Amino acid sequence: MKIRIFLLLLNFFNLSSAIAQEIDLIRLNYDHADIKADQIGMAVSPDGKQIAFAYQDKTIKIFDIAANRFVKRFNGNYSSLFDIQLTSSGNIALIAEKEMQVWNWKEEKILFSFKFTNDVTKTAFSKKKELLAIGEKGGIVEIFDLKNGAKTFEIPGKKNHVSALAFHPNGTSLLVGLMSAINFSPNALSLYDLTSGSEIGKSDETANYTMVTYNESGSEVFCAGLNKSSTKEILNVLDGNTLKVKRKFNSEMNITNSRVPYGGIIFKDKLLTLSLSQSFNAREFLTGSVRFTTKSDKLKMPPIWKFGVGSFHIYPLQSSGEKVIVNASKNNINQIYDSHTNSITGYFFSDSNDDFAVISRDGRVDGTPAALAKVYWTTRGGAQRTSLESTLEKGFAPRLLTQIINEESGSLESFDVDQVVGKVPVVAVKSINGKTFSSTTAVVSTQKKSTIAIEITDNPQEVTEVRLYQNSKLIKTLPATGSNYTFDVSLTSSFGEENFFFVSAGSKSGVDSEKAKFTITYTGASEDKPTLYLITVGINKYKNPKYNLNYAQADADAVEKSMKQSSSTIFKAIVPYTIRNDKAVKSNIVIALDDVRKKSLEQDMVVFYYAGHGVMSGEGADAKEFYIVPTDVTQLYGRDDILKDKAIAASSLKEYAESINAQKQIFILDACQSAGALESVTERGVAEEKAIAQLARSTGTFWITSTGSNQFASEFEKLGHGIFTYSLIEGLDGKADANGDKKLTIRELSTYIENKVPELSEQLKGTAQYPSAYSFGNDFPIAVYK
């Protein structure tokens, strides 16, 4: 005993002086106060289609990788969650310390629930059979069939706790390791037949095992643990049939148990493990040599009855791919590891609301606006930070998770945070109406007009432009002229007395400055009731008949009618601009936009709806631009000159969004693809989505689009409209009023469309179609029902 205490103290001091640094995360972080709840669990379905997340506030969410969005969120009725497992058949197991609930997550209902004899200590899941093994205190193992909701059998306890569990890949046997909580005496691994429940084999070497896992064929088993004196790791590879030792890996003296693997998988030619302190390590499975480590080991020494206890899972993201997802940071940022390049190539952040962000090693980003504002890059030492939101112009990549999973990542260069962030301009508010600005002093004005003075305090030479946003909408952009800029603004009560402003600067690196925020309270004269300016464009007939569409005109007519009916009580007047078929040329659409720009006031609302063709054009990723296509465009592809002359570019719509005074703007594009396109639908869809997202972000306006869609006559026969516009009209007619308050907001409408379109498209076409909605602006009502 004295020798063991001495070794413990010796190891303590050795580790205290040489504790490895925390995982770098490419220096990604977030402020804990900004998140809704901590992530406490994560699982991937065996088919690699969905990822499940569990949070401290009992929220369960399902992320669909193909859809690139959370498709389900519900509240789990559990306490002290231990683990979660996701099946390919649509079920999710929520495992608490003494009970388990099996849910059908699509229908949000509990199918089965089970009480355990003792507290859970370890779990294992058979993908092939959808069996879940629950190891418990007292050495009991209970086996459950998650498909049928039945307990298949129980392995009796032996007064030890279960510390290692693994199903054979064929799902016919289970390997069990026990840990003695009384005298810490080592035990052999035991193999049980799942048909008879009888013990059919034992390992030839004993240890205090903390994990076991089979390779894909079941021919070999990796096991880890501690020796009898708990002074050294056991890292052995066993024969999968005989359980005899085939080879041993070099191990280190490690009394504290902080480095011993507690869970992992054999993936391709690598052994991937997680330690007690959540350190992620990759070894060559043949030799045991460490190829990658996050080096996040901390000094941890659990009590004996906790050795081997816990949920430590690593999940493949595709059965035939090279990527896995793991949580090696014990927070809301998950890591994506590439076994081919031995590197972390991406990150997935999520919160218990609908927020998520995906980040690649080379600096590309994707996600919800709120998440992109929460998560930030930091320089070494954390002296400077810049939000992911600031890198959208440079690095936004729609459906980034799918790209990370499928791409060859060996050629990717890491995003150099220190180099980029150090050059980002710093923006400050200098004065408002001639008075020096202080963030601690409220600014109140009775005058509608105000003057804002802005100063670039750092890196003014890097500035490309300075942008001012009011109530999240872009109202003015000034080109770079040095360090000082002045904006004249018109205050409004359209969102209440408080006018929320922020200013940001674009930089040569493509990374924007952090926002400088301020508020002016306007107590002047109340404004008139707003006017709705409603532009609807629908084109069935094109000059080139091969581009003709079935029901774009009917869609535009229905949207105009629905908007007039549902919005009439909000506005003092509705001013329609009805543009159809041969009248839908560029000049007429521009005339309507110019008229709105001339007439609209800050309190007004603008809705621009377009049903017709949309196309990406231009050479090179940076030169490509999205166009909506008027009726007289005779060639969609290969003639950029025609598009520049006759079509309307996204950059033109951006200019109108900025210059139109109305602070509530909605752009809805049901832009169809032509069958003669040169690029694949997927490629075009991603390119369009990027263009629309950057438009929404840069202007602070709302954009909803049926990115990548095609029109089919069968849709019209059954619905009377295209799927996208049918869902839009249903939403406008009241079905999108989620809280039943008889008031429809733009966020409620966009959420309804995002949920309804895939449901309908799967029913009618057999394949889900996913629209895109980007809303970087404030929420506001668009309809009131009696």
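Which strands each supply at least two residues of the lining of the second largest pocket? Hi everyone, let's start there. The strands are β6 (81-86), β10 (120-126), β14 (161-167), β18 (208-214), β22 (261-267) and β26 (315-316). Strands here are DSSP runs of E, at least two residues long, numbered from the N terminus.

A quick word on the background. This is a predicted model, where local features need pLDDT of at least 70 and side-chain atom pairs count only at pLDDT 80 or more, while totals for chains, interfaces and linings use all residues. Residues are numbered from 1 along each chain as its sequence is written, and side-chain values use heavy atoms, with hydrogens and water left out.

Back to the pocket. On a 1 Å grid over the protein atoms alone, a pocket is an open set of points where a 1.4 Å probe fits, with protein on both sides within 12 Å along at least five of seven lines; lining residues have an atom within 4 Å of a point. The second largest pocket holds about 1200 Å³ of space, a volume being the space filled by probe spheres set on the points. Its lining has 41 residues, and Phe125, Lys127, Thr213, Tyr214 and Ile265 lie nearest the centre. Strand β22 gives the largest share of that lining, six residues. By class, the lining has 21 nonpolar, 15 polar and five charged residues; Asp, Glu, Lys and Arg count as charged, Ala, Val, Leu, Ile, Met, Phe, Trp, Tyr, Cys and Pro as nonpolar, and the others, Gly among them, as polar.

Now to the rings. Rings of Phe, Tyr and Trp (its six-membered ring) pair if their centres lie within 6.5 Å, and planes under 30 degrees apart count as stacked, over 60 as edge-to-face and the rest as tilted. That rule gives 24 aromatic pairs. One of them is the stacked pair of Phe53 and Phe348, 5.3 Å centre to centre with 15° between the planes. Phe53 lies in β3 (residues 50-55) and Phe348 in β29 (residues 343-350), so this pair ties together parts 295 residues apart in sequence. Phe53 is buried (under 20% relative accessible area), at 0% relative accessibility, and Phe348 is buried at 0% too.

Both rings also belong to a cluster in which ring pairs link Phe53, Phe63, Phe70, Phe348 and Phe356. Over the ring of Phe70 sits the charged end of Lys61, 3.5 Å from its centre. For that label, NZ of Lys or CZ of Arg must be within 6 Å of the ring centre and within 35 degrees of the ring normal. Elsewhere, Arg247 lies over the face of Phe285, at 4.9 Å from the ring centre.

Notes. Helix = DSSP H or I, 4+ residues; strand = E, 2+ residues; numbered from the N terminus. Buried < 20%, exposed > 50% of the residue type's maximum accessible area, 1.4 Å probe, protein only.
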